[in-house]
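Please read the points below with the model open beside you. They are set out as a colleague's notes, one topic to each point.

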Amino acid sequence: MSEPALSLAFFDGERDLHGTIRAGVAILFEHDRSRALSESPELEPDGESWRATCGEALELTFTPFAPAVDLGGTSAQVCEVKGQAEGAGIDCLGTVSQTITPPAWSELDAVRTISAVFDREHAVLAAARRPRGALGHGQELVVAHLLGPDGSVAVEDARVSTVYDGEGRQRTAGLELWLPGEDFPRRVSGRVRAGLSLTLEGLNVHAAVFGWRMEGRDGLGAYEVTVRDDPGEAA
């Protein structure tokens, strides 16, 4: 059995410096600029934490403090992130995701993952998989969890709406989260702060950092859209 694929992200609102890191590539977002680092990152466990390094550009430790949630084949946790990025000290929040069951791309057209981290007690983690040939978002399988002071709650019905530019890159987004026993959805809205598109192993990946707002709280997180690298494919 292969090791789970690891994906790390950090969101430093004070410096407006953020990043996503996985095997083979690390991306930094600074203000409205973004770039992939020239060196491949190294990811390794460090006790209950994870350590990510990339030459002299990155040296970060990700320590989960919230229970993992299941996003349909992927386990995700909110974590504390400390270290340095591009010489700047980092002390912020982020996420750690481990994909245990890789997406079956022969059966899918797109996968979308969303994190919205507001503080140590409030966050939203979501993932959507669109079956091959689906006509729209209504046929996606969406799994989401709302993290609050009393722990995480599995969302009963999650809906994700997104506005894209002409090249399929996510610009704005909204989430409706219907929780068990509630008559009205919780709503989350977001707008891109910086993004970068690249091709990895036959897939087009549109990675972006979003600013999010929910119930009077402002937060940060990642919104990533991965689509099959087929001509004419749209997210």
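1. Arg-120 sits over the face of Phe-65, at 4.0 Å from the ring centre; a charge is taken to sit over a ring if NZ of Lys or CZ of Arg is within 6 Å of the ring centre and within 35 degrees of the ring normal. This is a predicted model, in which local features need pLDDT of at least 70 and side-chain atom pairs count only at pLDDT 80 or more, whereas totals for chains, interfaces and linings use all residues. Residues are numbered from 1 along each chain as its sequence is written, and side-chain values use heavy atoms, with hydrogens and water left out.

2. Two aromatic pairs are found in a search of the whole structure, where rings of Phe, Tyr and Trp (its six-membered ring) pair if their centres lie within 6.5 Å. One aromatic cluster is formed by Phe-210, Trp-212 and Tyr-223.

3. A nonpolar core is a set of buried Ala, Val, Leu, Ile, Met, Phe, Trp, Tyr and Cys residues joined through side-chain atoms within 4.5 Å, and buried means under 20% relative accessible area, exposed over 50% and partly exposed in between (1.4 Å probe, protein chains only).

4. The largest pocket has a volume of about 1,200 Å³. Of the 45 residues that line the largest pocket, Ala-5, Ser-7, Arg-22, Thr-99 and Glu-224 are the closest to its centre. A pocket, on a 1 Å grid over the protein atoms alone with a 1.4 Å probe, is an open set of points with protein on both sides within 12 Å along at least five of seven lines, and lining residues have an atom within 4 Å of a point; the volume is the space filled by probe spheres set on the points. Strand β1 (residues 5-12) gives the largest share of this lining, five residues.

5. The second largest pocket holds about 210 Å³ of space. Of the 15 residues that line the second largest pocket, the closest to its centre are Leu-146, Leu-147, Gly-148, Pro-149 and Arg-186. The elements that give two or more residues to this lining are β12 (122-131), β13 (141-148) and β14 (151-154), and the largest share, three residues, comes from β13.

6. Most residues other than glycine have a negative phi. His-31, in the loop between β3 (25-30) and β4 (33-36), has a positive phi near 55°, and is partly exposed, with a relative accessible area of 38%. Glu-215, in the loop between β18 and β19, has a positive phi near 50° and is likewise partly exposed, at 47% relative accessible area.

7. Is Glu-201 buried or exposed? Glu-201 lies in the loop between β17 and β18 and is exposed, because its relative accessible area is 83%. The C-alpha atoms of Glu-201 and Asp-91 are separated by 32 Å, the two residues being 110 residues apart along the chain.

Terms used: Helices (H or I, at least four residues) and strands (E, at least two) are DSSP runs, numbered from the N terminus. Rings of Phe, Tyr and Trp (its six-membered ring) pair if their centres lie within 6.5 Å; planes under 30 degrees apart count as stacked, over 60 as edge-to-face and the rest as tilted.
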